[in-house]
Amino acid sequence: MTREAGVKVPDETVKAEVEKKKTELPAGTDYASFLKQRGLTEQEVFDRTKQMLEVKEFEQQKTKDIAVTDEEVKQQYDRMKERGLMDDFDVQHILVKVPQGDQAALAGAKKKIDAVAERLAKGEDFAVVAKEVSDDPGSKDNGGEYKGVRRGRMTPEFDKRMAEAKVGEVGAPFTTQFGWHVLKVNRHSTGELTPDLVEKIKPQILMAKQKMAMRDLVQEKRKTLNITINMPAEAPSAAPAPSGESAPALESL
């Protein structure tokens with residue numbers, strides 16, 4: 001279908017893309033040996049790169065008029081909020097670390113965390129106790145504090161306790177794969193649809209709409225054309241190409 005659409009990419013553009021991919025290979029890589037190991041020739045790399053760029057250009061032509069509305073952004077935001085993905089927390093916690101599978105150490109750590117919980121219940125400052133007791137190197141020096149924690153960033157049990165906690169209260173001790181914890185949530189926000197967030201959501205929706213449009217186009221063309229769908233190989237690269245650059249190539253027979 002790229003041929004049908006008259007999509008052409010200049011050879012100089014293809015060569016520039018190949019050279020760019022070469023720079024992404026590990027330092028000291030011999031390019032000729034790299035190709036030989038993969039059973040490729042420079043012409044094959046050029047041809048595949050050209051095909052990939054033509055597909056990309058074809059997609060851009062076919063999807064350039066697709067836009068994202070404010071209502072679509074709001075709907076996506078509401079779905080994310082309903083799933084708790086917009087929740088945002090400031091927390092403090094104390095960890096008594098336990099080696100995985102060490103039941104004896106787990107029992108000893110329980111006594112230690114119970115003593116910590118008792119101190120906190122009597123009114124001792126959480127930050128002071130955390131600096132003294134916690135085994136978490138990521139928060140100990142900050143009084144056990146983590147700010148701006150999003151749902152899904154912590155272990156499942158920590159995440160669950162964080163979501164259920166009442167702001168300002170110290171929860172009961174609980175375990176994760178790391179050991180025993182005591183947690184206090186200082187702030188829990190459900191998130192607002194800020195301009196910055198809109199700019200993050202819009203590209204995600206746009207990409208989804210573009211993919212849907214291309215899929216619909218393929219399905220429509222299948223009714224009238226005898227086509228094959230190939231996945232063009234990228235030019236040699238040390239890392240995966242950005243999303244969208246390895247879209248299916250549509251070539252009429």
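Predicted model: local features only at pLDDT ≥ 70, side-chain atom pairs only at ≥ 80, totals over all residues.

1. The aromatic pair. A pair of aromatic rings is described by the distance of the centres and the angle of the planes. The count here is 1 aromatic pair. Its members are Phe 158 and Phe 174, with ring centres 6.0 Å apart; the planes meet at 70°, so the arrangement is edge-to-face, since an angle over 60 degrees is counted in that way.

2. Placement of the pair. Phe 158 belongs to helix H7 (residues 156–164), whereas Phe 174 belongs to strand E3 (residues 174–176). The two residues are 16 residues apart, and the pair thus links distant parts of the chain. Buried means under 20% relative accessible area. Phe 158 has a relative accessibility of 4% and therefore counts as buried; Phe 174, at 3%, counts as buried too.

3. Charges over rings. Arg 38 is placed over the face of Phe 34, at a distance of 3.8 Å from the ring centre. Lys 110 lies over the face of Trp 180, at 5.3 Å from the ring centre.

4. His 181. This residue is part of strand E4 (residues 179–189). With a relative accessibility of 3%, His 181 counts as buried. Its side chain forms a polar contact of 2.7 Å with the side chain of Thr 176. Beyond its neighbours within four places in sequence, His 181 is in contact with residues including both members of the aromatic pair, Phe 158 and Phe 174, as well as His 93, Ile 94 and Leu 95. As for Asp 135, which lies 46 residues from His 181 along the chain, the C-alpha atoms of the two are separated by 9.9 Å.

5. Gln 92. Strand E1 (residues 88–97) contains Gln 92. Is Gln 92 buried or exposed? Its relative accessible area is 10%, so Gln 92 is buried. Two polar contacts deserve mention. The side chain of Gln 92 reaches the backbone oxygen of Gly 143 at 3.0 Å, and a contact of 3.1 Å joins the side chains of Gln 92 and Asn 186. Leaving aside neighbours within four places in sequence, the residues in contact with Gln 92 include Gly 143 and Asn 186; among the others are Phe 126, Ala 127, Val 182 and Leu 183.

How values were computed. Residues numbered from 1 in each chain as written. Heavy atoms only, no water. Phe/Tyr/Trp six-rings, centres within 6.5 Å; stacked < 30°, edge-to-face > 60°. Helix = DSSP H or I, 4+ residues; strand = E, 2+ residues; numbered from the N terminus. Buried < 20%, exposed > 50% of the residue type's maximum accessible area, 1.4 Å probe, protein only. Lys NZ or Arg CZ within 6 Å of the ring centre and 35° of its normal. Contact = heavy atoms within 4.5 Å. Polar contact = N/O pair within 3.5 Å; in protein donor to acceptor, adjacent residues only side chain to side chain.
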